[in-house]
Amino acid sequence: MIPQIKTIEEYHQQYTQSIEHPETFWAGIAEHFEWKQKWTQVLEWNFTEPKVKWFGSGKLNITENCLDRHQTTRRNQTAIIWEPNNPGDKSRHISYGELFELVQQFANVLIQQGVKKGDRICIYLPMVPEAVVAMLACARVGAIHSVVFAGFSSQSLADRINDAECKLLITADGMIRGEKKVELKQIADEAMQLSPCVERCIVFNHKSFTVQMQAGRDLWWNDLMAAASPLHEAESMDSEDPLFILYTSGSTGKPKGVLHTTAGYMVYAAYTFKNVFQYQDQDVFCCTADIGWVTGHTYIVYGPLLNGAVTLMFEGIPSYPDTGRFWSLIEKHKVNYFYTAPTAIRSLQLHGEEPFKGKDLSSLKVLGTVGEPINEEAWHWYHQNAGKGNCPIVDTWWQTETGGILISPLAGITLLKPAYATLPLPGVQPVLVDEKGNEISGNGVEGNLCIKFPWPGIARSLYGDHERFRSMYFSTYPNLYFTGDGCKRDEDGYYRITGRVDDVINVSGHRIGTGEVEDAIDEHGYVVESAVVAFPHEIKGQGIYAFVICDRNVPDEEVLRSEIRNHVSKMIGAFARPDKIQMVNALPKTRSGKIMRRILRKIAEGDTSNLGDISTLIDPLVIDAIKAGAENLNG
Ligand code: WTA
């Protein structure tokens, strides 16, 4: 059993030990896993190349820790509860025994299809247990999974497949979320037109939509499974062998494939799950994230299964068939831990207390949030209405790159402060730095958040581009991992994340690079140049505001706006559609040609009283025109 901190004194004591003797501390946690061969060196690292190796020379397979080791004690215990989009359809309960068998079978399917250790496999599936089976089967044979969120467009899917040169794609006929039907196979077909590296496509029949199957390339999941043996011995993996790639957005360029490796990620996912949520055996854990994001990877799949937990997978959305769906789900499955995003809380807050009426939420012990800063009002509303004032809220701060939670209360142990992620977990050494990179010490301060020592779950690289990895995260401040987030440390030493300080926009917890949206907008025939910034949005946290220059008279601005939005949907996905589009004649630029985003951000926020220093602009008059246009647009 992975150790669990029980008191705040124990937390402080372990924290100190983890900083003074990190290797002893993490070796003590790693001992609680199954190894085919023990490590010889706990940690080797530098943040200049950068190079990080945890549990060097160890051999293991993460799925033996998720599945095999639970067979003697939990064969009949539920591993996954699946709640479908339509509450009238049957939910599924899959035991550890059944999951083990499915994963072994699918591992054999992969091998039959020629998959070898180190191959990349793309998974583009709805929120169904088969997505978990596919991920674990990849890990079992030593292939690297790259899950792509099923809300991405065919172009985005193709970009991700091509970047990692995936030879196999696993998808489904389609899905229905809320009332929206999504033809996944059709999108996958379009993507494969652009991705010649895909040799095979395995299709899971979820909804019996009509699909086209290309002979020699496309195969049905069920046919392959029916013919596959349910016995498969897990491949022996090195601690530092890649486990998965997950694409995420940065301030510049195309989305990047964050690479996580086996042992460090495993130890960190399991440890943080058990400690942050204070998970107790047999309890039901529900994380509402999608499996296509890191939260789904770590806290729907790996963290819970490594702990032998019951993990609930919800296919639907919070507003279908009504805005009480989350609360019905909790009541129906007697959920004990509920982990969701602030954006979902804010959208439900609008519907008041009515949706809670008559629902028994007494099973709840702990609430969690992730993905974006939570405002105090939403925090209190969640605490009062979902938690009835009795459940601690863990406001968990972390990132795709960190593999697991870094700063968070331990449920029921850490004294809470609304909207604060509170304290770093053992092994995590946050520092705040000023613009020049000087460390800001003491409390009651604010700066850019960096981490100065590796924890086991830190990403090791960007797939195929280690130099970009170095320059994105380790070059801004020498010898520090830079998170891209701004942060306050208050008088009590508690951390509060204030949001991104780079050009990443966080829309409903989805990370979107301004550059990606600009590239998509610029492809429209009328558009010469665009600049995209965030503005505060009541529900989404941040919305997307695009300033667009056109090279000709626009006959109908509304038509153009909707064309631009549709094009962004096509290139990225519907979640990246700009909320506001303002046509402008020019953008505020410095003499060196750089767009002054700071000014555009202020205008988008509707706060133009003090635009700061504009003396470096080539043409300060540009600003008056943009201000006037913004007032017009926003009424
Ligand atoms: C933001 C999601 C405030 C932050 C796990 C980070 C948060 C980005 C919190 C990573 C939180 C995540 N409070 N902000 N509790 N959690 N963020 O990679 O800006 O999708 O850098 O990982 O989300 O988003 P990502």
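## Ligand shell and salt bridges in a predicted model

The ligand is surrounded by 17 residues, and the closest are Asp395, Thr396, Thr400, Asp485 and Arg511; a residue is near a molecule if one of its heavy atoms lies within 4 Å of it. The model is predicted, so local features need pLDDT of at least 70 and side-chain atom pairs count only at pLDDT 80 or more, whereas totals for chains, interfaces and linings use all residues. Residues are numbered from 1 along each chain as its sequence is written, and side-chain values use heavy atoms, with hydrogens and water left out.

By class, the shell holds six nonpolar, six polar and five charged residues. Helix H11 (294-306), strand E20 (393-396) and strand E26 (495-500) each supply at least two residues of this shell. Helices (H or I, at least four residues) and strands (E, at least two) are DSSP runs, numbered from the N terminus.

A backbone N or O atom of Thr396 lies 2.7 Å from a nitrogen atom of the ligand. In Thr400, an N or O atom of the side chain is 2.5 Å from an oxygen atom of the ligand. The protein buries 96% of the 530 Å² that the ligand exposes when taken alone; accessible areas come from the Shrake-Rupley method with a 1.4 Å probe.

The whole structure contains 35 salt bridges, each being a side-chain nitrogen of Lys or Arg within 4 Å of a carboxyl oxygen of Asp or Glu. Three of them are listed here.

| Asp119 | Lys167 | 3.0 Å |

Asp119 is buried at 13% relative accessibility, whereas Lys167 is partly exposed at 21%. Buried means under 20% relative accessible area, exposed over 50%, and partly exposed in between (1.4 Å probe, protein chains only).

Asp283 is buried, with a relative accessible area of 11%, and Lys365 is partly exposed at 36%.

Methods. Polar contact = N/O pair within 3.5 Å; in protein donor to acceptor, adjacent residues only side chain to side chain. Nonpolar A, V, L, I, M, F, W, Y, C, P; charged D, E, K, R; others polar.
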